[in-house]
Each structure stands twice: as C-alpha cells, then as structure tokens.
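Grab a pencil and have the viewer ready. Below are a few exercises, each followed by a worked solution.

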Amino acid sequence: MQKGNIGVTTENIFPVIKKFLYSDHEIFLREIVSNAVDATQKLKTLANKGEFKGETGELKVNVSVDKDKGTITVSDNGLGMTEEEIEKYINQIAFSGANDFLDKYKDDANAIIGHFGLGFYSSFMVSKKVEINTKSYKEDAKAVKWSCDGSPAYEIAESDKSNRGTDIIMYIDDDCKEFLEKNKIQELLNKYCRFLPVPVAFGKKTEWKDGKQVDTDEDNIINDTTPIWTKKPSDLKDEDYKKFYRQLYPMSDEPLFWIHLNVDFPFHLTGILYFPKIKHNIELQRNKIQLYCNQVYVTDSVEGIVPDFLTLLHGVIDSPDIPLNVSRSYLQSDSNVKKISGYITKKVSDRLQSIFKNDRKDFEQKWDDLKIFINYGMLTQDDFYDKAKNFALLKDCDGKYFTFEEYQTLIKDNQTDKEGQLIYLYAQDKEAQFSYIETAKNKGYNVLLLDGQLDTPVVSLLERKFEKSRFTRVDADVIDRLIVKESDNKSVLEANRSANLSAIFQAQMPKGEKTEFHVETQAMGEESMPVVITQSEYMRRMKEMAQIQPGMSFYGEMPDMYNLVLNTDHALIKEVLGDSEAATSEALKPIEAELKGLHARQAILRQQQDQKKPEEITQEEKDNMTKCNEDIDAQEKLKQEVLAGYGNDNSKVHQLIDLALLQNGMLKGEALNNFVKRSINLIK
Ligand code: ADP
Ligand code: MG
C-alpha cells in the first residue's frame with residue numbers, strides 16, 4: 001500500500017470545496033456520471049481505432065444507492081485507469097492560487113468546478129470518503145483501489161477487481177443523507193442525465209407481482225441516448241417534435257412551431273427551439289430553454305447565449321463550444337457566444353420569413369400567439385426589426401391582417417392629414433372603444449386592434465421607423481380632429497358663449513382624485529353624438545409606458561385626464577345653450593357689464609406699465625393693478641356660480657354627462673345609481 005498527498009497548493013482543499021460550493025451540491029452526480037460516460041466513449045473510440053482489441057461488450061453505466069452502507073456507486077465498463085493514470089489525472093490537481101479563485105467565484109459552483117477540472121472532486125461536496133476501484137483496458141494492467149477521506153491524504157492499493165472499468169464509491173456525509181434517497185437520485189438523474197449518450201441504469205425495472213412491487217431482470221435505463229436534436233431533420237416527423245416537446249414540458253400546450261438548429265461552422269451547435277403558446281405573464285415563461293454540453297445538462301438559464309427576446313422560446317441547445325463552466329460575465333463577452341446569438345436570431349427570422357412566404361394563411365392563424373415574440377424582438381434588436389418588418393403583421397378590428405406595407409397602401413388615400421402625415425388609428429379594446437371604432441369606420445377609416453402586451457412600446461417604435469406617420473387611439477380626439485383634413489366651414493360658436501356653455505358642464509363633472517376633466521365645445525355635425533369623451537394620446541401613452549418601464553413613475557402618478565367635448569351642432573346641446581342663455585342672462589348681465597369695465601381698466605393699466613421700466617412703476621400703480629385683478633377674479637367667480645347653479649338644477653346637463661361617462665364605462669357607484677333614478681323620472 002502506498003500513501004501520498006494530493007498535489008494541491010492549498011492546505012486542505014476539501015473543506016473549501018464543501019464550504020463554498022454549498023449551493024450546487026447536487027451537480028456531483030452529473031460530474032461522476034458524465035466521467036463514466038466519457039470513459040465508455042473513450043473505450044469505443046480506442047476500439048474503433050484498433051488500439052483496443054478486446055471485446056467492448058455492452059457499454060453501460062450503473063448507478064446504485066445502498067442506504068445501509070450509506071453509499072452511492074457509479075460504475076462503468078469503460079477504459080479504466082492504471083495506477084500511473086490515477087497519479088496523473090486524480091492526484092495532481094493543478095491548483096495555483098486556488099484560494100483567490102474560490103473566493104471570487106464562491107457563489108458559482110459551475111465556474112470553479114469546470115475551470116479547474118474539479119469534476120471528480122465535486123464528489124467531496126457530499127462525501128466523507130470516496131473510493132475509486134478501477135481496472136484499465138490495457139493488457140496486464142493491475143486493478144487498483146484509491147481512497148481518500150477528504151483530507152489531502154490518499155491511499156492507493158492493489159485491488160481484486162477482475163473486470164474492466166471503474167467504480168466510484170461515495171460514502172455520503174451525514175449532513176447529505178438526502179442523497180441516499182432513491183427518489184432524490186432518480187430526480188437528479190432525470191435532470192442532469194436524461195439525454196446522456198450511453199445507457200445509464202439505475203436499479204431494475206419493477207413490476208407488480210402477488211400484490212407487491214418486485215424487481216425484474218431488466219435494467220431501469222433512465223436516459224434517452226439519442227434525443228431527437230442529435231438526429232437529422234429529414235428523419236423526423238412533426239409528431240416526433242411534438243412528442244419531444246411534451247416530454248420536456250408535460251404541462252404546456254402544443255407549440256406553435258419549432259426550429260431545428262444544426263451548425264458545424266464556425267462552432268458546433270445543435271438543438272430544437274419551440275415557439276410556445278404564451279398565455280398571460282411573459283416573465284413566467286422565461287428560462288425554459290435547456291442548455292446541454294454533449295448531451296450533459298448544464299443549465300436552464302440561457303441569458304447571454306440566446307438573444308434576450310428568444311429566452312421566451314422553449315427547447316434545448318447543445319454545444320460543446322459554449323464555455324459552459326465559466327462565469328456569466330465571461331460568457332457574455334465570449335466571441336463564440338456572440339456568434340451563436342447572432343446565428344440563432346438569423347435562423348429564427350429566416351424560419352418566420354419562410355412560413356410567412358409559403359403559407360401566409362397558417363402564419364396569420366398563428367399570428368396572435370406569435371406576435372409577442374416578434375414584437376419583443378423588434379423592440380430589443382434592431383437587426384431583427386430589419387428582417388421582421390417584412391413579415392410582421394398588423395391586425396384590424398375586423399380581424400384582417402396586413403403587412404406594414406400593405407397597410408400603408410390601404411390607408412394612404414383616406415388617412416393622410418393636411419400636413420401630409422399618415423394617421424394610423426387603433427383601438428386597444430374593441431368593446432370599450434366600440435362607439436369610437438364605429439364612428440371612425442363610418443368615416444371610411446380603418447382601425448387597428450392593438451391589444452397586445454407590448455403594443456404600447458411597439459407603437460412608439462413604429463412611429464420612429466415609419467416616415468411621416470403617427471399612431472392615435474380612436475378615442476384620442478373627436479373624429480374630425482383625429483385626422484385633420486382641409487378646414488371646412490362648420491359653424492363655430494363665439495368664444496364667450498362657448499366658455500359659458502363649457503362652464504355649465506365643467507361644474508357638474510365628477511370630481512375624483514385620479515381623474516380630471518376638461519370641457520370644450522366643437523362642431524361635429526348634427527348626426528354625431530352630443531357629448532364625446534376623449535383622452536389625449538400623449539398622456540395616455542406616457543402613463544401606459546410608465547407601467548412597463550421603470551423611471552417613468554412621474555407619469556404614473558399623474559391623474560387620468562379626459563376631455564368632454566360638447567357637439568355644438570347637436571340639437572340637444574343647442575337646446576341647452578339656448579335655455580341656459582335665456583335663464584342666466586338676467587343674472588349675468590350686470591356681472592358681464594362689470595367685467596367689461598374691469599377688463600378695459602386692466603388693459604389701460606397694463607399699457608401704462610408697459611411704457612415704463614420695472615423700477616419706475618410706483619407702488620400705487622402696482623396696487624391698482626392688483627386690485628383690478630382681484631376684482632376680475634371676484635366677478636368671474638360670481639359668474640361661475642351663476643352658471644354652476646344653472647347646471648346643477650338642470651337634468652339634461654346631468655343626463656348628457658352621465659351618458660357620455662356610461663359609454664366609456666366610467667359611471668359607477670353612487671353616480672350610476674343617481675343616473676338610473678334620474679332616467680326613471682325622465683320617462684315616467
Ligand atoms: P474532466 O472530466 O474534466 O477531465 P474530472 O475531474 O471529472 O475532469 O476527471 C479527471 C480525469 O480523471 C478524467 O479526465 C479522466 O482521465 C479520469 N477519470 C475520472 N473518472 C473516470 C472514470 N470513470 N473512468 C476513467 N477515467 C476517469
Ligand atoms: Mg469530468
């Protein structure tokens with residue numbers, strides 16, 4: 001028997017491994033099983049090259065748990081190791097500056113383990129002792145047994161192992177007993193070893209016999225050695241892809257479609273990416289792509305490797321060329337990784353383009369589900385926008401689909417305003433904005449339906465990309481001002497009459513903390529609604545952006561601001577105007593006379609002061625001005641009171657306001673109750 005010290009510069013590396021790599025203990029199994037797989041594959045290679053002339057036999061890896069002995073054993077019939085090889089590959093761990101490194105990456109077990117070839121030593125994360133019992137394929141090689149109890153000291157001795165291959169026996173630590181549970185190991189094998197290229201047996205298949213579950217003779221193989229991404233696309237049917245998808249995500253709906261990746265140059269990469277049906281929250285759908293390195297599962301967080309917008313996809317990527325075992329920041333700056341990301345983007349856009357070209361109908365049918373990916377991609381990646389602009393679709397309120405170009409042609413003639421801007425009208429909710437959509441359609445306009453999660457930022461994007469174009473929601477203004485054509489000669493109400501009428505309604509508007517109304521008048525034609533509520537496109541959009549983008553909370557805090565527009569062409573508004581003028585003229589006459597005098601005085605005072613330098617204006621003159629302004633305010637207040645008093649007692653005013661609110665779903669609670677009561681009184 002021989003004793004020695006493992007060649008590490010650190011006094012005692014194992015406590016360090018244990019202590020710092022706590023978060024990812026479970027990967028030990030992946031490391032040990034994949035070493036066993038490597039060993040069998042190496043033997044196969046040697047046999048193919050004629051360097052190994054014996055029988056390879058059925059190459060297989062066995063995993064077993066012995067709860068009584070407290071061990072996990074991973075056995076293979078691969079190439080095995082000679083004593084010299086153990087000395088070289090196991091005992092000499094190149095470990096310079098290990099402490100510094102461990103310190104730096106203590107939260108990222110993958111980084112340390114991979115970087116230092118610590119694969120085998122990860123077994124010490126869960127073991128108090130590890131044994132290697134091995135016999136090399138080489139002729140006359142003596143079987144050897146290596147063991148180490150977690151200190152840098154190891155023992156090596158002759159072994160009586162008679163068959164070729166290696167057993168790794170891990171004596172599980174007392175604080176890691178969970179790994180002695182069959183279910184736990186089954187779970188880990190399923191996670192990390194499910195697609196390894198060599199059969200991995202975990203115990204035997206069981207069957208029911210005499211009311212008991214008993215082992216059969218058949219191995220319980222836990223992996224699929226030839227997962228479909230390793231096969232040729234031409235050998236696969238749609239059903240194969242769907243089946244594999246169900247296998248990976250048993251709880252998901254069927255995917256929309258998939259892309260089979262297969263590259264040899266300038267890097268190796270295979271995989272299958274699926275476009276899933278995304279339901280509600282896009283965040284929940286992320287990180288479903290699994291990353292493999294030669295069929296060994298590595299991680300399911302792929303940010304940095306696939307472009308951000310494609311992290312919404314599902315599926316697998318397998319590449320021996322992605323430096324998997326390094327830290328994230330390193331990964332993102334790696335040039336191979338950048339190329340991979342660009343390649344995947346191109347593949348995805350090519351595929352979308354070809355579905356669009358070859359089967360437009362199918363593409364349209366999938367569009368509502370696809371839209372979120374394409375929107376996200378266009379928003380986050382300029383080079384993707386440049387491709388997607390040719391196949392991205394716009395859907396109108398009647399469910400028709402158009403490409404950007406087709407849509408532009410459709411609306412060009414009728415929806416260009418007098419400044420030559422093309423106005424895209426849209427609705428976000430077909431129900432809520434029903435009457436506005438109807439009004440626009442009656443004008444011969446087309447209205448898009450933009451009800452997607454990302455449509456608000458997409459609208460801003462398209463406004464930047466399209467020339468001389470503007471998007472506006474159908475209820476952002478009254479129809480004639482949505483798209484301003486040559487000015488027509490509709491009647492215009494004189495300013496003071498308009499102001500009085502507006503004031504009557506303004507005083508009766510509901511007062512909420514989070515909503516504000518501004519009343520104005522506009523001639524909209526006899527056939528249009530008497531009262532229309534609109535909401536400025538700009539403010540509404542800013543508020544919507546505030547909800548999805550950090551740093552815009554200023555807009556989020558602002559109240560919702562609406563316009564109540566009175567149609568001065570409508571008979572009912574004309575009636576209110578006429579009645580109100582008749583009813584208030586008596587009371588307003590003296591106030592208006594007074595105001596007229598005050599405004600004249602104010603003009604004179606202002607003129608006097610304008611001729612002087614600021615320092616020449618006397619205190620008396622200043623006081624006069626202040627007094628005059630105060631008097632105007634007082635008279636204005638009186639006037640408002642008269643108008644408010646009129647509106648307050650006028651059920652037509654209330655009824656008109658409430659109907660407009662009702663049409664926008666804004667009449668609730670007590671106000672709704674009052675409206676119903678008033679309506680009953682009006683018809684009885
Ligand atoms: P890596 O797998 O990255 O080379 P490891 O620490 O996992 O690093 O393994 C170190 C070396 O030990 C391997 O390269 C291999 O030569 C040897 N080895 C480990 N496990 C086995 C095994 N089951 N059979 C044969 N050789 C093995
Ligand atoms: Mg290894």
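## Exercise 1: the cavity

About 30 Å³ of space lies in the largest cavity. This is a predicted model, where local features need pLDDT of at least 70 and side-chain atom pairs count only at pLDDT 80 or more, while totals for chains, interfaces and linings use all residues. Residues are numbered from 1 along each chain as its sequence is written, chains are lettered from A and ligands numbered from 1 in the order in which they are written, and side-chain values use heavy atoms, with hydrogens and water left out.

**Task.** Work out which residues line the largest cavity, and which elements give two or more residues to that lining.

**Solution.**
1. Start with the term: on a 1 Å grid over the protein atoms alone, a cavity is a set of points where a 1.4 Å probe fits but cannot get out, and lining residues have an atom within 4 Å of a point. The volume is the space filled by probe spheres set on the points, which are joined across faces, edges and corners.
2. The structure holds one cavity of 30 Å³ or more.
3. Its lining consists of Y426, Q428, L450, D455, T456, V459, R540, R541 and E544.
4. Two or more residues of the lining come from each of α14 (455-465) and α17 (537-548). Helices (H or I, at least four residues) and strands (E, at least two) are DSSP runs, numbered from the N terminus.
5. Sort the lining by type and you get three nonpolar, two polar and four charged residues. Here Ala, Val, Leu, Ile, Met, Phe, Trp, Tyr, Cys and Pro count as nonpolar, Asp, Glu, Lys and Arg as charged, and the others, Gly among them, as polar.

## Exercise 2: a five-stranded sheet

**Task.** Find the order of the strands in the open sheet, and say which are the edge strands.

**Solution.**
1. The order is β10-β11-β14-β12-β13, with mixed pairing. Two strands pair if DSSP finds at least two bridges between them.
2. At the edges sit β10 (257-263) and β13 (296-299), each pairing on one side only.
3. Zoom in on β12 (residues 288-293): this strand pairs with β13 in the antiparallel sense over three bridges. Y292 stands opposite Y297 in β13.
4. Now look at the loop between β12 and β13, where you'll find Q295. Phi of Q295 is near 70 degrees, a positive value in a residue other than glycine. Most residues other than glycine have a negative phi.

## Exercise 3: buried or exposed?

**Task.** Are Q295, D210, T472 and G377 buried or exposed?

**Solution.**
1. Buried means under 20% relative accessible area, exposed over 50%, and partly exposed in between (1.4 Å probe, protein chains only).
2. Q295 has 12%, so this residue is buried.
3. D210 lies in the loop between β8 (200-209) and β9 (212-221). With 77%, D210 is exposed. Phi of D210 is positive too, near 50 degrees.
4. T472, in strand β19 (residues 469-473), is buried because its relative accessibility is 4%. Not counting residues up to four places away in sequence, T472 touches I423, Y424, L425, Y426, L482 and E537; contact means heavy atoms within 4.5 Å.
5. G377, in helix α10 (residues 360-380), is at 0% and therefore buried. Leaving aside neighbours within four places in sequence, G377 is in contact with F309 and F384.

Technical notes: 1 Å grid on protein atoms, 1.4 Å probe; cavity = no way out; pocket = protein on both sides within 12 Å on 5 of 7 lines; lining within 4 Å.
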